[in-house]
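Hello,

Here is the structure for you to look over. My notes follow below.

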Amino acid sequence: MSNLITNNIQAATGTTITLQPGSSIAGTKVGSIAQPGMIIQTVWVSTKNRQTYTTPSSGTGQRLYDLDIDIQPTYSNSLIWLQYLMFYDCHHDNVFTILRNGNLVGYNSQDGANPWSGVASMLYDNDYGSTPTNQYITWFDSPGTTSNTTYSIAARCSSNTNYTIALNRTLSSWGQDSYETGTSLVVAMEIAQ
């Protein structure tokens, strides 16, 4: 086995370097081979914990701790793509926000950090006891660091009333006939820029 040590590889003619059939290039660490748009790493968290939280009408929102996710970007200019699939039950007068290391980053920044400003509203089903819902939420962030970064999804009330959000269950039951339970998932992908 031979080692090739270089800072730059370039085709002898043209712009294409061709590997022979059966050959491959393998990176020994995350992000060692990257081009813009390439997914560098993927981390995920799934939870079946059945929890309830109270949504405040001020601040950044109540973190749904079971869906916290940590990622350490390989490059400081990377884009982080967050995807949430949430199973929950809650009154519709609430919004979801995204936090990076506890700081509000996911909301309608044109409207400001008002209680009604978020990345998505709670779904309206007019049954706040026995019928949960599933919701997909996606968000892109540029943390500008290679340090470990914690992302959280939070919920806050868009009116002056505090509501309860039930994660992975209904508001009225921990699970029984006609009172469904489920799981929630978050995925974070680092995308090279």
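Thr133 is buried, at a relative accessible area of 17% (buried means under 20%, exposed over 50%, partly exposed in between; 1.4 Å probe, protein chains only). The residue sits in strand 9, residues 133-141 (strands are DSSP runs of E, at least two residues, numbered from the N terminus). Thr133 touches Met86, Phe87, Tyr88 and Leu123, leaving aside residues up to four places away in sequence; contact means heavy atoms within 4.5 Å.

On provenance: this is a predicted model, where local features need pLDDT of at least 70, side-chain atom pairs count only at pLDDT 80 or more, and totals for chains, interfaces and linings use all residues. Residues are numbered from 1 along each chain as its sequence is written, and side-chain values use heavy atoms, with hydrogens and water left out.

Next, strand 6 (residues 94-100). Six of its seven residues are buried, so strand 6 is largely enclosed by the rest of the structure. Its pairings (two strands pair if DSSP finds at least two bridges between them):

- Strand 10 (residues 149-157): antiparallel to strand 6, seven bridges. Phe96 has Ala155 as its bridge partner there.
- Strand 8 (residues 120-121): antiparallel to strand 6, two bridges. Val95 stands opposite Ser121.
- Strand 7 (residues 103-106): antiparallel to strand 6, three bridges. Ile98 stands opposite Gly106.

Strands 6 and 7 form a hairpin with two residues between them. Asn101, in the turn, has a positive phi of about 50 degrees.

Last, Ile9. This residue lies in the segment before strand 1 (39-47). Ile9 counts as exposed, at 57% relative accessibility.

Best wishes

How values were computed: Helix = DSSP H or I, 4+ residues; strand = E, 2+ residues; numbered from the N terminus.
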